[in-house]
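Hello,

Here is the structure you are taking over. My notes on it follow below.

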Amino acid sequence: MTVPARTFFSPGDLWWDGKDGYRLANGRTVFRDPSVTEVGPLSLMADADNLLERLDILGLRLIWTLLGEKWILGAPHDKRTPKFTFSQIAYLNEDGSVHVGKRVFFDDYDKNTGPISIKRKPKKKRTVVE
C-alpha cells in the first residue's frame, strides 16, 4: 500500500481507514491507494483541497523532477555511444496549479556528465612480440 510521507502525519489528524487510505476525524478520506481494493497500478491519490491546506500548514511545496537519457544504439561495442540527457522540474503552486519549468538538455557528453562521472583513460596498446 502506498502511504503519504511521514511529514504529512505530523499535524496528528490522519487516521488509517482500515481499508485503502487515510481519513480525517470527520471521516473524509484525504489520501487513498485504490490499488489496494481495485485492479490497477500502485498509486496515491490525494484530496486536492486538503493537500494544499496541509502543505501550507507544514510550510512545504510539492516538487516533481524529471531526469531522462536517450542513447543511440547500434554502434560498435568498442566505441562510446552518444547520449542525450535532459532534466525538468515542476511544482504545485499554492492555488493548485502546476508550474512546469523549462526542459534543459545536456548534449555535450564530455562537458555535461557531472562531477561524479569517471572519465576512463584510453587503453594502452600492447605490442605482441612473437
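**Aromatic pairs and a charged patch**

Tyrosine 22 counts as buried, because its relative accessibility is 13% and the cut-off for buried is under 20%. Please keep in mind that this is a predicted model.

Tyrosine 22 sits in strand S2 (residues 21-23) and phenylalanine 9 in the segment before strand S1 (15-16), so the pair ties together parts that are 13 residues apart in sequence. Phenylalanine 9 is partly exposed, at a relative accessible area of 28%.

Another pair is made by phenylalanine 86 and phenylalanine 105, which is tilted: the ring centres are 6.1 Å apart and the planes are at 50°. Phenylalanine 86 is found in strand S6 (residues 83-92) and phenylalanine 105 in strand S8 (residues 104-106), so parts 19 residues apart in sequence are tied together by this pair. Phenylalanine 86 counts as buried, with 16% relative accessibility, whereas phenylalanine 105 counts as partly exposed, with 41%.

On the surface there is also a patch of negative charge, where Asp49, Glu53, Asp56, Glu94 and Asp95 gather. With a relative accessible area of 48%, glutamate 53 is partly exposed, since exposed would require over 50%.

Regards

Definitions and conventions. Residues are numbered from 1 along each chain as its sequence is written. This is a predicted model: local features need pLDDT of at least 70, side-chain atom pairs count only at pLDDT 80 or more; totals for chains, interfaces and linings use all residues. Side-chain values use heavy atoms; hydrogens and water are left out. Patches are made of residues with over 30% relative accessible area and no salt bridge: like charges are joined within 9 Å, nonpolar side chains (Val, Leu, Ile, Met, Phe, Trp, Tyr) within 5 Å. Accessible areas come from the Shrake-Rupley method with a 1.4 Å probe; for residues, only the protein chains shown count as cover. A salt bridge is a side-chain nitrogen of Lys or Arg within 4 Å of a carboxyl oxygen of Asp or Glu. Lys and Arg count as positive and Asp and Glu as negative; His and the chain ends are not counted. The place of a charge is taken as NZ of Lys, CZ of Arg, CG of Asp or CD of Glu. Buried means under 20% relative accessible area, exposed over 50%, partly exposed in between (1.4 Å probe, protein chains only). Helices (H or I, at least four residues) and strands (E, at least two) are DSSP runs, numbered from the N terminus. Rings of Phe, Tyr and Trp (its six-membered ring) pair if their centres lie within 6.5 Å; planes under 30 degrees apart count as stacked, over 60 as edge-to-face and the rest as tilted.
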